[in-house]
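Dear colleague,

Please find below the sequence and the structure that I am handing over to you. My findings follow after it.

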Amino acid sequence: MSIYTAIATSAGRDARAVSSDGRLDVKLALQKELGGDGEGTNPEQLFAAGYAACFASALRLVAGSRQIDVSDAAVTAEVGLSPNGKGGFQLDATLRVELPDGIAPEVARELVEATHQVCPYSNATRGNIPVELVIE
């Protein structure tokens, strides 16, 4: 049973996306690269924002359990959209994780890998899309 369920409705890439509680209400627009005007956000940007936020929160949880301070950490998610060779499209993602100075490279790698096992977005994408983890 879910402890939380987000609900949003949209009529497509050239419409609005609205959450059931009204807190999210965004104009969507087809990207210029796909023939649109690009005058709004798009699903890939929304996915990137959600993945970055979720991964950063999971990183704080994992690091906190090990008494490692990552309060200055930041995560940038890059979500790509490309043809899948079957008439459709596929996503790929790169997560760029900025950690505070002073964390040893091997500890940083272990933290990021452990976070990748905890983050709900990582668990949802695992085996479905390629996800690259980059520590900066």
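**A polar contact at Gln31**

The side chain of Gln31 makes a polar contact, at 2.7 Å, with the side chain of Glu44. Please bear in mind throughout that this is a predicted model. Gln31 lies in the loop between strand 3 (25–27) and helix 1. Its relative accessibility is 11%, and Gln31 therefore counts as buried, the cut-off being under 20%. Not counting residues up to four places away in sequence, Gln31 touches Arg13, Gly36, Gly38, Asn42, Glu44 and Leu81.

**The chain as a whole**

The chain holds 3 helices and 6 strands. Read from the N terminus, their order is β-β-β-α-β-β-α-α-β. The C-alpha trace spans about 45 × 35 × 30 Å along its principal axes. Of the 136 residues in the chain, 34% are buried. When contacts between residues at least 6 apart in sequence are considered, 46% of them join residues at least 24 apart.

**Helix 1 and what follows it**

Helix 1 covers residues 43–65.

The phi of Gln67 is near 55 degrees, a positive value in a residue other than glycine. Is Gln67 buried or exposed? Gln67 has a relative accessible area of 71% and is therefore exposed, the cut-off for this being over 50%.

**How helix 1 meets helix 2**

Helix 2 covers residues 105–118, and it packs against helix 1 at an angle of about 115 degrees, the two axes being 9 Å apart. Their crossing is right-handed. On the side of helix 1, the contact is made by Tyr51, Phe55, Ala58, Leu59, Leu61, Val62 and Ala63; on the side of helix 2, by Leu111, Val112, Ala114, Thr115, His116 and Val118. What kinds of residue make up this contact? There are 11 nonpolar and 2 polar residues, with no charged ones.

The length of helix 2 also agrees with expectation, because its 14 residues should span 20 Å at 1.5 Å a residue and its end C-alpha atoms are 20 Å apart. Its buried residues are Ala108, Leu111, Val112, Ala114, Thr115 and His116. The cover over these residues includes helix 1, strand 5, helix 3 and strand 6.

Ala108 has a relative accessible area of 4% and is buried. Apart from residues up to four places away in sequence, Ala108 touches Leu99, Ile103 and Ile135. Ala108 and Ala63 are 45 residues apart in sequence, and their C-alpha atoms are 9.7 Å apart in space.

**Two buried strand residues**

Leu133 belongs to strand 6. With 13% relative accessibility, Leu133 counts as buried. Leaving aside neighbours within four places in sequence, Leu133 is in contact with Phe55, Leu95, Arg109, Val112, Glu113 and His116. Of these, Phe55 on helix 1 and both Val112 and His116 on helix 2 also take part in the contact between the two helices. As for Glu44, 89 residues separate it from Leu133 in sequence, and the two are 18 Å apart in space, C-alpha to C-alpha.

Thr94 belongs to strand 5. Thr94 is buried as well, with a relative accessible area of 10%. Which residues does Thr94 contact, leaving aside its neighbours within four places in sequence? They are Thr76, Ala77, Glu78, Glu132 and Val134.

With kind regards

Notes
Residues are numbered from 1 along each chain as its sequence is written. This is a predicted model: local features need pLDDT of at least 70, side-chain atom pairs count only at pLDDT 80 or more; totals for chains, interfaces and linings use all residues. Side-chain values use heavy atoms; hydrogens and water are left out. Axes are lines fitted to C-alpha atoms, for helices over the stretch in contact, and angles run from 0 to 180 degrees between N-to-C directions. Helices (H or I, at least four residues) and strands (E, at least two) are DSSP runs, numbered from the N terminus. A crossing is left-handed if the near helix is turned anticlockwise from the far one by less than a right angle, and right-handed if clockwise. Contact means heavy atoms within 4.5 Å. Ala, Val, Leu, Ile, Met, Phe, Trp, Tyr, Cys and Pro count as nonpolar, Asp, Glu, Lys and Arg as charged, and the others, Gly among them, as polar. The expected span of a helix is 1.5 Å times one less than its number of residues. Buried means under 20% relative accessible area, exposed over 50%, partly exposed in between (1.4 Å probe, protein chains only). A polar contact is a pair of N or O atoms within 3.5 Å; within protein, one must be able to donate a hydrogen and the other to accept it, and residues adjacent in sequence count only if both atoms are side-chain atoms.
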